[in-house]
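Colleague: I have a model open and would like to go through it. Can you take my questions one by one?

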Amino acid sequence: MTHPTTSRRAWLCAAASAAALCGISPAQAQPAWPSKPIRMVVPFAAGGATDVLARVIGEKLAAGLGQPVIIDNKPGAAGIIGTDAVAKAAPDGYTIVLSLSNSLLTNQFLYEKLPYDTQRDLTLVYQIAMAPLVLVVHPSVPVKTGPELLQYASAHKGKLAYGSYGVGAYPHLAGAHMSLTQKADMNHVAYKGEAPMLQDLIGGQIQMAYASALVAKPHVEAGKLKAIGVTGERRMSTLPNVPTLAEQGLKDEAYRVTGWLAIAAPANTPKPIVQRLADEVRKATQQPDVQAKVAAMGFEIKDSSPEAFAAAYQKERPIWERLIKQSGAKLE
(Lines give C-alpha, C1' and ligand atoms only; values in the text may rest on other atoms or scores of the structure.)
Protein backbone atom coordinates (compact mmCIF):
# COMPACT_ATOMS: atom_id res chain seq x y z
CA MET A 1 0.00 0.00 0.00
CA THR A 2 1.31 3.45 -0.85
CA HIS A 3 2.15 5.59 2.20
CA PRO A 4 -0.11 8.71 2.43
CA THR A 5 2.87 11.06 2.65
CA THR A 6 4.44 9.50 -0.43
CA SER A 7 1.13 9.71 -2.28
CA ARG A 8 0.72 13.41 -1.41
CA ARG A 9 4.31 14.12 -2.47
CA ALA A 10 3.70 12.40 -5.80
CA TRP A 11 0.53 14.42 -6.34
CA LEU A 12 2.30 17.70 -5.59
CA CYS A 13 5.14 16.80 -7.93
CA ALA A 14 2.67 15.93 -10.66
CA ALA A 15 0.85 19.24 -10.15
CA ALA A 16 4.11 21.17 -10.19
CA SER A 17 5.19 19.38 -13.34
CA ALA A 18 1.88 20.16 -15.01
CA ALA A 19 2.21 23.81 -14.06
CA ALA A 20 5.78 23.88 -15.36
CA LEU A 21 4.69 22.29 -18.64
CA CYS A 22 2.00 24.96 -18.97
CA GLY A 23 4.52 27.68 -18.17
CA ILE A 24 2.73 28.65 -14.94
CA SER A 25 4.72 29.53 -11.82
CA PRO A 26 3.09 29.43 -8.35
CA ALA A 27 3.02 33.27 -8.35
CA GLN A 28 1.34 33.31 -11.76
CA ALA A 29 -1.26 30.87 -10.53
CA GLN A 30 -2.67 33.66 -8.33
CA PRO A 31 -5.31 35.96 -9.91
CA ALA A 32 -3.61 38.78 -11.77
CA TRP A 33 -3.81 42.21 -10.12
CA PRO A 34 -6.09 44.00 -10.51
CA SER A 35 -8.99 41.63 -10.97
CA LYS A 36 -11.67 43.84 -9.38
CA PRO A 37 -12.39 47.57 -8.82
CA ILE A 38 -9.92 49.68 -6.84
CA ARG A 39 -11.12 52.01 -4.10
CA MET A 40 -9.30 55.36 -3.94
CA VAL A 41 -10.07 57.03 -0.63
CA VAL A 42 -10.01 60.84 -0.55
CA PRO A 43 -9.98 61.95 3.10
CA PHE A 44 -11.62 65.28 2.27
CA ALA A 45 -15.04 66.42 1.09
CA ALA A 46 -16.15 66.11 -2.52
CA GLY A 47 -15.57 69.16 -4.68
CA GLY A 48 -12.27 70.27 -3.16
CA ALA A 49 -8.96 70.36 -5.00
CA THR A 50 -7.86 66.96 -3.67
CA ASP A 51 -11.12 65.38 -4.76
CA VAL A 52 -10.90 66.95 -8.22
CA LEU A 53 -7.35 65.67 -8.69
CA ALA A 54 -8.37 62.19 -7.48
CA ARG A 55 -11.10 62.00 -10.11
CA VAL A 56 -8.74 63.13 -12.86
CA ILE A 57 -6.08 60.58 -11.84
CA GLY A 58 -8.65 57.87 -11.11
CA GLU A 59 -10.09 58.07 -14.60
CA LYS A 60 -6.64 57.56 -16.14
CA LEU A 61 -5.76 54.77 -13.72
CA ALA A 62 -8.94 52.91 -14.61
CA ALA A 63 -8.02 53.03 -18.28
CA GLY A 64 -4.46 51.89 -17.63
CA LEU A 65 -5.31 49.12 -15.17
CA GLY A 66 -8.44 47.86 -16.90
CA GLN A 67 -10.55 48.10 -13.73
CA PRO A 68 -12.84 50.81 -12.35
CA VAL A 69 -11.34 53.18 -9.78
CA ILE A 70 -14.02 54.20 -7.30
CA ILE A 71 -13.51 57.51 -5.48
CA ASP A 72 -14.56 57.19 -1.83
CA ASN A 73 -14.73 60.50 0.06
CA LYS A 74 -14.15 60.03 3.79
CA PRO A 75 -13.74 63.57 5.17
CA GLY A 76 -13.11 64.56 8.75
CA ALA A 77 -10.43 65.42 11.31
CA ALA A 78 -7.97 67.02 8.89
CA GLY A 79 -7.78 63.90 6.74
CA ILE A 80 -7.25 61.52 9.64
CA ILE A 81 -10.45 59.48 9.26
CA GLY A 82 -9.95 58.55 5.61
CA THR A 83 -6.20 58.01 5.92
CA ASP A 84 -6.69 55.76 8.94
CA ALA A 85 -9.23 53.67 7.01
CA VAL A 86 -6.60 52.95 4.36
CA ALA A 87 -3.87 52.30 6.95
CA LYS A 88 -6.09 49.56 8.40
CA ALA A 89 -7.22 48.10 5.04
CA ALA A 90 -5.98 44.83 3.55
CA PRO A 91 -2.61 45.28 1.81
CA ASP A 92 -3.80 43.85 -1.48
CA GLY A 93 -3.70 46.91 -3.74
CA TYR A 94 -7.48 47.36 -3.82
CA THR A 95 -7.60 50.22 -1.30
CA ILE A 96 -5.38 53.28 -1.69
CA VAL A 97 -5.49 56.89 -0.51
CA LEU A 98 -4.92 60.12 -2.40
CA SER A 99 -4.28 62.79 0.18
CA LEU A 100 -2.39 65.91 1.16
CA SER A 101 0.85 66.18 3.07
CA ASN A 102 -1.02 67.10 6.24
CA SER A 103 -2.60 63.66 6.75
CA LEU A 104 0.48 61.79 5.50
CA LEU A 105 3.20 63.87 7.16
CA THR A 106 2.47 66.89 9.34
CA ASN A 107 -0.38 65.48 11.44
CA GLN A 108 2.05 63.21 13.26
CA PHE A 109 3.67 66.29 14.84
CA LEU A 110 0.46 68.20 15.35
CA TYR A 111 -1.84 65.71 17.07
CA GLU A 112 -1.27 64.27 20.52
CA LYS A 113 -2.73 60.93 19.46
CA LEU A 114 -2.84 59.78 15.85
CA PRO A 115 -4.50 56.40 15.13
CA TYR A 116 -1.93 55.51 12.48
CA ASP A 117 1.78 55.93 11.87
CA THR A 118 2.51 56.80 8.24
CA GLN A 119 5.94 55.16 8.22
CA ARG A 120 4.69 52.00 9.95
CA ASP A 121 1.18 51.60 8.57
CA LEU A 122 1.40 52.98 5.03
CA THR A 123 3.49 52.46 1.91
CA LEU A 124 4.38 55.63 0.00
CA VAL A 125 3.51 55.09 -3.65
CA TYR A 126 3.77 58.32 -5.64
CA GLN A 127 4.08 62.05 -5.02
CA ILE A 128 1.76 63.46 -7.69
CA ALA A 129 2.12 67.21 -7.38
CA MET A 130 3.54 69.97 -5.25
CA ALA A 131 1.05 72.49 -3.90
CA PRO A 132 2.75 75.88 -3.55
CA LEU A 133 0.75 78.79 -2.17
CA VAL A 134 0.72 82.48 -2.98
CA LEU A 135 1.27 85.05 -0.23
CA VAL A 136 -1.37 87.74 -0.67
CA VAL A 137 -2.03 90.96 1.22
CA HIS A 138 -4.84 93.48 1.40
CA PRO A 139 -4.29 96.43 -0.99
CA SER A 140 -4.02 98.78 1.98
CA VAL A 141 -0.73 97.16 3.02
CA PRO A 142 1.89 99.40 1.35
CA VAL A 143 4.31 96.71 0.17
CA LYS A 144 5.06 94.96 -3.13
CA THR A 145 7.75 92.42 -2.24
CA GLY A 146 8.60 89.86 0.40
CA PRO A 147 11.44 91.87 1.97
CA GLU A 148 9.19 94.95 2.15
CA LEU A 149 6.52 92.91 3.92
CA LEU A 150 9.02 91.66 6.49
CA GLN A 151 10.11 95.22 7.21
CA TYR A 152 6.51 96.43 7.43
CA ALA A 153 5.52 93.64 9.84
CA SER A 154 8.52 94.38 12.03
CA ALA A 155 7.75 98.10 12.08
CA HIS A 156 4.08 97.56 12.97
CA LYS A 157 4.43 95.18 15.88
CA GLY A 158 1.12 93.77 17.09
CA LYS A 159 -0.91 95.56 14.40
CA LEU A 160 -1.09 92.90 11.68
CA ALA A 161 -3.22 89.77 11.49
CA TYR A 162 -2.71 86.78 9.21
CA GLY A 163 -5.24 84.13 8.35
CA SER A 164 -5.10 80.37 7.87
CA TYR A 165 -7.58 77.59 7.14
CA GLY A 166 -6.68 75.65 10.24
CA VAL A 167 -4.27 75.40 13.16
CA GLY A 168 -1.14 73.61 11.99
CA ALA A 169 -1.86 74.14 8.29
CA TYR A 170 0.96 75.64 6.22
CA PRO A 171 -0.53 79.19 6.21
CA HIS A 172 -0.47 79.09 10.01
CA LEU A 173 3.07 77.72 10.23
CA ALA A 174 4.53 80.16 7.68
CA GLY A 175 2.74 83.11 9.25
CA ALA A 176 3.94 82.11 12.71
CA HIS A 177 7.50 81.85 11.39
CA MET A 178 7.33 85.33 9.89
CA SER A 179 5.89 86.79 13.07
CA LEU A 180 8.55 85.14 15.24
CA THR A 181 11.56 85.98 13.08
CA GLN A 182 10.49 89.60 12.62
CA LYS A 183 9.36 89.98 16.26
CA ALA A 184 6.13 91.28 14.77
CA ASP A 185 3.69 89.79 17.28
CA MET A 186 1.14 89.23 14.53
CA ASN A 187 -2.29 87.85 15.35
CA HIS A 188 -3.28 84.48 13.90
CA VAL A 189 -6.90 84.01 12.85
CA ALA A 190 -7.89 80.42 11.99
CA TYR A 191 -10.86 79.91 9.67
CA LYS A 192 -12.86 76.82 8.77
CA GLY A 193 -11.82 77.02 5.15
CA GLU A 194 -10.00 79.03 2.53
CA ALA A 195 -13.08 80.85 1.20
CA PRO A 196 -14.03 82.60 4.48
CA MET A 197 -10.35 83.41 5.08
CA LEU A 198 -10.10 85.24 1.76
CA GLN A 199 -13.44 86.97 2.29
CA ASP A 200 -12.10 88.53 5.48
CA LEU A 201 -8.81 89.39 3.78
CA ILE A 202 -10.60 91.17 0.95
CA GLY A 203 -12.75 92.92 3.54
CA GLY A 204 -9.69 94.12 5.46
CA GLN A 205 -10.37 92.20 8.67
CA ILE A 206 -6.94 90.55 8.29
CA GLN A 207 -3.94 91.88 6.39
CA MET A 208 -2.23 88.84 4.87
CA ALA A 209 -2.62 85.13 4.15
CA TYR A 210 -1.19 82.24 2.14
CA ALA A 211 -3.74 80.93 -0.33
CA SER A 212 -4.05 78.56 -3.27
CA ALA A 213 -3.61 80.07 -6.72
CA LEU A 214 -6.91 78.52 -7.77
CA VAL A 215 -8.83 80.63 -5.27
CA ALA A 216 -6.61 83.72 -5.00
CA LYS A 217 -5.83 84.38 -8.68
CA PRO A 218 -9.22 85.89 -9.64
CA HIS A 219 -9.02 88.32 -6.71
CA VAL A 220 -5.45 89.29 -7.59
CA GLU A 221 -6.42 89.93 -11.20
CA ALA A 222 -9.40 92.01 -10.04
CA GLY A 223 -7.14 94.15 -7.85
CA LYS A 224 -8.82 93.06 -4.63
CA LEU A 225 -5.60 91.43 -3.37
CA LYS A 226 -1.89 91.92 -3.99
CA ALA A 227 0.33 88.90 -4.70
CA ILE A 228 3.65 89.25 -2.91
CA GLY A 229 5.30 85.95 -3.80
CA VAL A 230 4.84 82.19 -4.01
CA THR A 231 6.24 79.46 -1.82
CA GLY A 232 8.49 76.66 -3.02
CA GLU A 233 11.44 76.63 -5.38
CA ARG A 234 9.73 77.44 -8.69
CA ARG A 235 7.26 80.00 -9.96
CA MET A 236 3.73 78.78 -10.58
CA SER A 237 2.87 78.25 -14.22
CA THR A 238 -0.54 79.79 -13.53
CA LEU A 239 1.09 82.91 -11.98
CA PRO A 240 4.31 83.21 -14.01
CA ASN A 241 4.91 86.87 -13.18
CA VAL A 242 4.82 86.38 -9.42
CA PRO A 243 8.33 85.55 -8.15
CA THR A 244 9.01 82.99 -5.48
CA LEU A 245 9.72 84.29 -2.01
CA ALA A 246 13.07 82.48 -2.17
CA GLU A 247 14.20 84.39 -5.26
CA GLN A 248 13.28 87.60 -3.43
CA GLY A 249 15.76 86.72 -0.71
CA LEU A 250 13.49 84.93 1.79
CA LYS A 251 15.67 81.84 2.05
CA ASP A 252 14.26 80.36 5.26
CA GLU A 253 13.02 76.80 4.87
CA ALA A 254 9.55 77.94 5.96
CA TYR A 255 9.17 79.76 2.63
CA ARG A 256 10.76 77.06 0.48
CA VAL A 257 8.76 73.99 1.47
CA THR A 258 5.33 73.33 0.05
CA GLY A 259 2.49 70.98 0.66
CA TRP A 260 1.91 68.14 -1.78
CA LEU A 261 -0.62 65.61 -3.01
CA ALA A 262 0.30 61.94 -3.10
CA ILE A 263 -0.88 58.36 -3.17
CA ALA A 264 -0.20 55.79 -0.45
CA ALA A 265 -1.28 52.19 0.16
CA PRO A 266 -1.47 50.01 3.26
CA ALA A 267 1.88 48.79 4.60
CA ASN A 268 3.04 45.43 3.23
CA THR A 269 1.29 45.90 -0.09
CA PRO A 270 3.35 43.71 -2.48
CA LYS A 271 6.12 45.65 -4.20
CA PRO A 272 5.05 44.63 -7.73
CA ILE A 273 1.62 46.14 -7.08
CA VAL A 274 3.10 49.32 -5.61
CA GLN A 275 5.38 49.66 -8.63
CA ARG A 276 2.53 49.06 -11.08
CA LEU A 277 0.44 51.70 -9.35
CA ALA A 278 3.33 54.16 -9.45
CA ASP A 279 3.98 53.46 -13.13
CA GLU A 280 0.34 54.05 -14.04
CA VAL A 281 0.15 57.27 -12.02
CA ARG A 282 3.30 58.51 -13.73
CA LYS A 283 1.78 57.73 -17.15
CA ALA A 284 -1.35 59.63 -16.13
CA THR A 285 0.54 62.73 -15.03
CA GLN A 286 2.47 62.83 -18.30
CA GLN A 287 -0.69 63.19 -20.37
CA PRO A 288 -1.21 66.76 -21.64
CA ASP A 289 -4.84 67.04 -20.51
CA VAL A 290 -3.91 66.00 -16.96
CA GLN A 291 -0.99 68.42 -16.87
CA ALA A 292 -3.23 71.26 -18.04
CA LYS A 293 -5.84 70.52 -15.36
CA VAL A 294 -3.21 70.25 -12.62
CA ALA A 295 -1.56 73.52 -13.69
CA ALA A 296 -4.92 75.30 -13.71
CA MET A 297 -5.38 74.21 -10.09
CA GLY A 298 -2.09 75.89 -9.18
CA PHE A 299 -0.22 72.63 -8.59
CA GLU A 300 3.11 71.59 -10.08
CA ILE A 301 3.43 68.04 -11.45
CA LYS A 302 6.12 65.97 -9.74
CA ASP A 303 8.09 63.22 -11.52
CA SER A 304 8.18 60.64 -8.77
CA SER A 305 8.48 56.97 -7.82
CA PRO A 306 8.12 54.99 -4.57
CA GLU A 307 11.84 55.46 -3.89
CA ALA A 308 11.88 59.17 -4.76
CA PHE A 309 8.79 59.78 -2.66
CA ALA A 310 10.33 58.02 0.34
CA ALA A 311 13.53 60.07 0.01
CA ALA A 312 11.63 63.37 -0.27
CA TYR A 313 9.51 62.40 2.74
CA GLN A 314 12.55 61.78 4.93
CA LYS A 315 14.13 65.05 3.80
CA GLU A 316 11.04 67.15 4.58
CA ARG A 317 10.02 65.41 7.79
CA PRO A 318 12.38 67.29 10.16
CA ILE A 319 11.57 70.64 8.52
CA TRP A 320 7.85 70.30 9.20
CA GLU A 321 8.56 69.05 12.71
CA ARG A 322 10.60 72.19 13.43
CA LEU A 323 7.96 74.51 11.97
CA ILE A 324 5.16 72.94 14.01
CA LYS A 325 7.18 73.05 17.25
CA GLN A 326 8.10 76.65 16.54
CA SER A 327 4.46 77.62 16.03
CA GLY A 328 3.41 75.99 19.29
CA ALA A 329 0.49 74.32 17.51
CA LYS A 330 -0.90 71.21 19.20
CA LEU A 331 -4.22 69.42 18.74
CA GLU A 332 -5.86 66.53 20.56
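Modeller: What follows is a short chat about some side chains and helices.

Modeller: This is a predicted model, in which local features need pLDDT of at least 70, side-chain atom pairs count only at pLDDT 80 or more, and totals for chains, interfaces and linings use all residues. Residues are numbered from 1 along each chain as its sequence is written, and side-chain values use heavy atoms, with hydrogens and water left out.

Colleague: Where does T269 lie?

Modeller: T269 is in the loop between strand 10 (259–266) and helix 11 (271–285). Helices (H or I, at least four residues) and strands (E, at least two) are DSSP runs, numbered from the N terminus.

Colleague: Is T269 buried or exposed?

Modeller: Buried, because the relative accessible area of T269 is 6%. Buried means under 20% relative accessible area, exposed over 50%, and partly exposed in between (1.4 Å probe, protein chains only).

Colleague: And what is T269 in contact with?

Modeller: Leaving aside neighbours within four places in sequence, T269 is in contact with P91, G93, T123 and V274. Contact means heavy atoms within 4.5 Å.

Colleague: New topic. How many aromatic pairs are there in the whole structure?

Modeller: A search finds five. Rings of Phe, Tyr and Trp (its six-membered ring) pair if their centres lie within 6.5 Å; planes under 30 degrees apart count as stacked, over 60 as edge-to-face and the rest as tilted. One of the pairs is W260 with F309, which is edge-to-face, at 5.3 Å centre to centre and 85 degrees between the planes.

Colleague: Which parts of the chain does that pair link?

Modeller: W260 is in strand 10 and F309 in helix 13 (residues 306–327), 49 residues apart. W260 counts as buried because its relative accessibility is 1%, and F309 counts as buried because its value is 0%.

Colleague: What about W260 and Y313?

Modeller: They form a tilted pair, 6.5 Å centre to centre with 55 degrees between the planes. W260 lies in strand 10 and Y313 in helix 13, so this pair ties together parts 53 residues apart in sequence.

Colleague: Which residues of helix 4 meet helix 13?

Modeller: L104, L105, T106, Q108, F109 and L110 in helix 4 meet Y313, E316, R317, W320, E321 and I324 in helix 13.

Colleague: Last one: which aromatic cluster has W320 in it?

Modeller: W320 forms one aromatic cluster with Y170 and Y210.
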